[in-house]
Amino acid sequence: MFIVFEGIDGSGKSTIARRIAKHLSSLGHDIFLTEEPTTTWMGKDVRRAIEEEKNPLSQALLFFADRAEHVEAIKKNLEDGKIVISDRYVYSTFAYQGAQMEKLMPLDKALKWLEGVYEPMRLDPDMVILLKIEPRRGLDFVNTRDFKEKFEREEFLERVQDIYMDLADKYGFFVVDSNRNLNEVYEDVRKIIDDRI
Ligand SMILES: Nc1ncnc2c1ncn2[C@@H]1O[C@H](COP(=O)(O)OP(=O)(O)O)[C@@H](O)[C@H]1O
Ligand SMILES: Cc1cn([C@H]2C[C@H](O)[C@@H](COP(=O)(O)OP(=O)(O)O)O2)c(=O)[nH]c1=O
């Protein structure tokens, strides 16, 4: 079973993924809890490219390089009978790099290209849970930098979330409202997963 958490920055993915991993582990399941960008040197290079605001195409290809390796690790853990829980996956690239690339080309073309790059490494999750939060609220939970940067980030994340919502329709994500107390969010997510495991 391969479960993915998606959502904009500060939507609660890491917190909820950790709690779900603990819960499933207490039920006796073996869990591989993982994340993208990964914690490998490739993942570190990806983070550096984001920080240095490199060209969206280089960023997209770096995310895919990191993911191509990650998919191998995920496959191995699935073969070992583990439940894999990933904090972000390919839909982050579709949503974030899609939003960046639409400044260069129409979004549908950008998404087609990104889906094409994914194809040779494709490993589709059994379940994708999208945590949906007001971008401003999410930003308040993460780093607060200067006002202008925050405003630009908020506008960008609004667009990322719109794309996520289109992807939710297309790929059949479970959408959970994260504009609430984290315990309520967790309970909804736990029910979705417990009903299907
Ligand atoms: N819906 C929420 N209600 C209250 N706190 C939240 C909520 N979502 C996130 N947080 C808090 O915001 C911080 C960032 O959450 P995190 O799980 O790291 O989000 P993400 O991985 O999506 O960026 C954490 O301190 C978390 O407790
Ligand atoms: C996996 C992935 C992440 N990202 C972005 C989302 C985040 O802004 C940033 C770092 O990811 P992450 O550490 O998960 O951020 P957060 O915990 O705040 O959600 O990388 C992409 O743009 N494309 C991708 O494919």
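Predicted model: local features only at pLDDT ≥ 70, side-chain atom pairs only at ≥ 80, totals over all residues.
The shell around ligand 1 divides into three nonpolar, six polar and four charged residues, where Ala, Val, Leu, Ile, Met, Phe, Trp, Tyr, Cys and Pro count as nonpolar, Asp, Glu, Lys and Arg as charged, and the others, Gly among them, as polar. Residues are numbered from 1 along each chain as its sequence is written, chains are lettered from A and ligands numbered from 1 in the order in which they are written, and side-chain values use heavy atoms, with hydrogens and water left out.

Staying with ligand 1, 13 residues surround it, and the closest are Lys13, Ser14, Thr15, Ser178 and Arg180; a residue is near a molecule if one of its heavy atoms lies within 4 Å of it. As for polar contacts, meaning pairs of N or O atoms within 3.5 Å, a polar backbone atom of Gly10 is 2.9 Å from an oxygen atom of ligand 1, and a backbone N or O atom of Ser11 lies 3.1 Å from an oxygen atom of the ligand. On the nitrogen side, a polar backbone atom of Arg180 is 2.9 Å from a nitrogen atom of ligand 1. The protein buries 73% of the 560 Å² that ligand 1 exposes when taken alone, with accessible areas from the Shrake-Rupley method and a 1.4 Å probe. Helix 1 and helix 6 (135-141) are the elements that give two or more residues to this shell, and helix 1 gives the most, with three residues; helices (H or I, at least four residues) and strands (E, at least two) are DSSP runs, numbered from the N terminus.

Let me turn to ligand 2. Of the 14 residues around ligand 2, Lys13, Arg47, Arg88, Thr93 and Gln97 come nearest, and the shell holds four nonpolar, three polar and seven charged residues. Oxygen atoms of ligand 2 are 2.7 Å from a side-chain N or O atom of Arg88, 3.0 Å from one of Lys13 and 3.2 Å from a polar side-chain atom of Arg67. Of the 550 Å² of accessible area that ligand 2 has on its own, the protein covers 84%. Helix 2, helix 3 and helix 4 (90-101) each supply at least two residues of this shell, with helix 4 giving the most, four residues.

Arg67 brings us to the salt bridges, each a side-chain nitrogen of Lys or Arg within 4 Å of a carboxyl oxygen of Asp or Glu, and by this rule the count comes to 16. The side chains of Arg67 and Glu36 meet in one of them at 2.7 Å, N to O, linking helix 3 (residues 56-79) to the loop between strand 2 (31-35) and helix 2 (41-51), 31 residues apart. Both Arg67 and Glu36 are buried, that is, under 20% relative accessible area, where exposed means over 50% and partly exposed in between (1.4 Å probe, protein chains only).

What are the classes of the two residues in the bridge between Arg153 and Asp9, whose closest N and O atoms are 2.8 Å apart? Arg153 counts as partly exposed because its relative accessibility is 28%, whereas Asp9, at 18%, counts as buried.

Conventions:
Polar contact = N/O pair within 3.5 Å; in protein donor to acceptor, adjacent residues only side chain to side chain.
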